[in-house]
Amino acid sequence: MRRLSIGLGLLATLAVIGFVGLAAWPISRTPSPSLAALDGNVQNGAYLARASGCIACHTNPEGGAPLAGGVALETPFGTLYSPNLTTDLVHGIGGWTIDQFAVAVRQGISPEGEPYYPAFTYPFYADFSDQDIADLWAAFQTVPPVAEPSVAPSMMFPFNQRAGLKLWRAAFMHDPDTEPVEGKGDSWNRGKWLVEGATHCSACHTPRNLAGGRKEETEKFAGSDLIPGGGKAPAIDTSSLKEQGWDADNLAYALKTGLTPSGDAFGNAMGEVVLHGTQFLSTADLAAMAEYLMDQPR
């Protein structure tokens, strides 16, 4: 019995040491050199923010101020709430630096060094250029401050321990496949950059495992019934799209209007994507996204 007690005590001690070590494990990298010297373009930043879903995810449709957060995202692990992204010094990002903003967007790490939950689609923004970040930052600086506190996540144990997200990141984070492909045209490669990166289509349309990791290697774009907020996302791999009667023209039209070839309208999450995001994209970018989706790499 004494040996058992000693053994259990040793295991508990090792567990505590392991957790402390995990919590202390640094995972963010500060941009070098600093991005503070870059001039951002507000219009380009606002366009990229629309494409990236910032408005849809951080504006409460029940009367919330733009980008003040508070949108509830139900997950199998608990409920998350999008934070305040206005310029409020206390409750928003008004006290951040552009370098802290860059780390948050591209790496998913807060100014305090804590990992964000992956409901924030930062893995898709990892390839944003320094200029993209500067443009986004310039656009966010124009948002009026709103003194609305962010709502803390309501997650089950052990998912409420942010240090554990470091292990999740090591196991399931994927760099976005946004690199241009030689031999493909500019429009196709632009569509790839948008679909695989900024518009993060895979976040909803790729199934996830029990730990919430995307099955990128085996079932990319095969559809999912495990998306934040509930609901299902259909398969959007090229074969499935063609079987469902899509082509590049009607797909680009649907991303602009929310109307499908059958005359139906997108609902739920996809309706919000169009309402707050893709309807604002240029005709050329919508055509590029459709071209890529209808001709995805095998």
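Biologist: Before we start, what should I know about the model and its numbering?
Modeller: This is a predicted model, where local features need pLDDT of at least 70 and side-chain atom pairs count only at pLDDT 80 or more, while totals for chains, interfaces and linings use all residues. Residues are numbered from 1 along each chain as its sequence is written, and side-chain values use heavy atoms, with hydrogens and water left out.

Biologist: Okay, how many helices and strands does the protein have?
Modeller: There are 13 helices and three strands, where helices (H or I, at least four residues) and strands (E, at least two) are DSSP runs numbered from the N terminus.

Biologist: And what share of the residues is buried?
Modeller: Of the 298 residues, 42% count as buried, where buried means under 20% relative accessible area, exposed means over 50%, and partly exposed lies in between (1.4 Å probe, protein chains only).

Biologist: Which helix is mostly covered?
Modeller: Helix α5, at residues 130–140, has nine buried residues out of 11, and among them are I133, L136, W137 and F140.

Biologist: What do those buried residues pack against?
Modeller: The buried residues of α5 pack against α2 (42–51), α3 (54–58), α4 and α7, with contact meaning heavy atoms within 4.5 Å.

Biologist: Switching topic, how many salt bridges are there?
Modeller: A search of the whole structure finds seven, a salt bridge being a side-chain nitrogen of Lys or Arg within 4 Å of a carboxyl oxygen of Asp or Glu. Side chains of opposite charge can pair when their charged atoms come close.

Biologist: Which residue pairs with R106?
Modeller: The side chain of R106 meets that of D130 in a salt bridge, at 3.0 Å from N to O. This pair links distant parts of the chain, since R106 sits in helix α4 (residues 98–107) and D130 in helix α5, 24 residues apart.

Biologist: Is R106 buried or exposed?
Modeller: R106 counts as buried, at 16% relative accessibility, whereas D130 is partly exposed, with a relative accessible area of 35%.

Biologist: And what does K220 pair with?
Modeller: The side chain of K220 forms a salt bridge with that of E196, at 2.8 Å from N to O. Here too the pair links distant parts of the chain, with K220 in the loop between α9 (216–219) and α10 (238–243) and E196 in helix α7 (residues 186–198), 24 residues apart. K220 is partly exposed, at 26%, while E196 counts as buried at 5% relative accessibility.

Biologist: What about R214, which residue does its side chain meet?
Modeller: R214 meets E216 in a salt bridge, at 2.4 Å from N to O. R214 counts as buried at 12% relative accessibility, and E216 counts as buried at 15%.

Biologist: Which loop holds S224?
Modeller: S224 lies in the loop between α9 and α10, and at 6% relative accessibility S224 counts as buried. Leaving aside its neighbours within four places in sequence, S224 is in contact with several residues, including C204, H205, P207 and K232.
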